[in-house]
Amino acid sequence: MIEFKQVHKQYPDGLLALKDIDLQIDQGEYVAIIGLSGAGKSTLLRCVNRMHDISSGSLKVDDVEISTLRGKGIRQLRRSIGMIFQSFNLVTRISVMKNVLVSFVPGIPLWRKVLGVFTEQEKKQALIALDRVGILDKAFVRVDQLSGGQQQRVALARTLAQNPKIILADEPVASLDPVTANQVMGDFRRINQELHMTVIMNIHHVELALEYASRIIGIRAGEIVYDGRTEDVTDEILEQIYKGSVEKGEDIAHAREAVTN
Ligand SMILES: Nc1ncnc2c1ncn2[C@@H]1O[C@H](COP(=O)(O)OP(=O)(O)OP(=O)(O)O)[C@@H](O)[C@H]1O
């Protein structure tokens, strides 16, 4: 379980990016965080794995106050939390398999990583992860020969091989075409349901958030302005989250379309 209590996050330049955040996310939820650009979505997500430190309040992951963690404790925390980025963060000149292997076993000695020495068990785990996201047949293909959607699936497989309890995804489908974005959102849902991993995702596509996530958190200027079930999201709620946005009208139209279809 992830628990924020009265969390504030202020950047060194004085900007208050998160204000008084109270939030509880149970194991196995699929949560989409939506809001305008600059609302604080990435900041919120990145506090969970200590990529950012909170300024005050309490943030617990499985009852551990994460702000008290140091070196080894932070590494352990990050082992249980996978992170997926919009830009995939893969090494494109090497094979899919190597990408998964090199990153999913952070505990192995550096020399084994450098020489590419992996056990049969590690290889098996990597192949199982690739199979889960439907790209087992690409295991020995170089990453730069794959489409964007396939690369995002490699990133997901790499995270899965690490067997995390929580997956944080920062705009994972922002650079994908609509069909591929739907497929990748579906991958996240399948993994969430089959493996009971918590998924917390920042996403600009409101219609995809409403279609795939079971809970929506709306952030506006660093504050939570909506937190509830996806099916309870109304036009008024979206209006409140996106008030003043140039693209708002379009986003809400898409959102409605997705809900009524
Ligand atoms: N390292 C930083 N130092 C100072 N201010 C920052 C830093 N990172 C983010 N901010 C500011 O904090 C606020 C929240 O940013 P954040 O990236 O969390 O928003 P976001 O909702 O994820 O935006 P986007 O959808 O554009 O990614 C913004 O005003 C941003 O400019």
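Of the 13 residues around the ligand, which come nearest? They are Y11, S37, K41, S42 and T43, where a residue counts as near a molecule if its C-beta atom, placed from the backbone, lies within 6 Å of it.

The structure is a predicted model, in which local features need pLDDT of at least 70, side-chain atom pairs count only at pLDDT 80 or more, and totals for chains, interfaces and linings use all residues. Residues are numbered from 1 along each chain as its sequence is written.

Helix 1 (residues 41-48) gives the most to the shell around the ligand, with three residues; helices (H or I, at least four residues) and strands (E, at least two) are DSSP runs, numbered from the N terminus. By class, the shell around the ligand holds four nonpolar, seven polar and two charged residues, with Ala, Val, Leu, Ile, Met, Phe, Trp, Tyr, Cys and Pro counted as nonpolar, Asp, Glu, Lys and Arg as charged, and the others, Gly among them, as polar.

The domain assignment of the chain gives domain 1 (1-80 + 168-188 + 199-261) and domain 2 (83-163), the bounds coming from an automatic or database domain assignment. The contact between them takes 14 residues from domain 1 and 12 residues from domain 2, two residues being in contact if their C-beta atoms, placed from the backbone, lie within 7 Å. On the side of domain 1 that touches domain 2, the elements that give two or more residues are strand 7 (166-170) and helix 7, and helix 7 gives the most, with four residues. The residues of that side divide into six nonpolar, four polar and four charged.

Two helix pairs are set out below; axes are lines fitted to C-alpha atoms, for helices over the stretch in contact, and angles run from 0 to 180 degrees between N-to-C directions.

| Helix pair | Axis distance | Angle |
|---|---|---|
| Helix 6 (residues 148-161) and helix 7 (residues 178-195) | within 9 Å | roughly 15° |
| Helix 5 (residues 120-132) and helix 6 | 8 Å | about 135° |

Helix 5 contributes Q125, A126, A129, L130 and R132, which meet A157, L160 and A161 in helix 6; here the division is six nonpolar, one polar and one charged.
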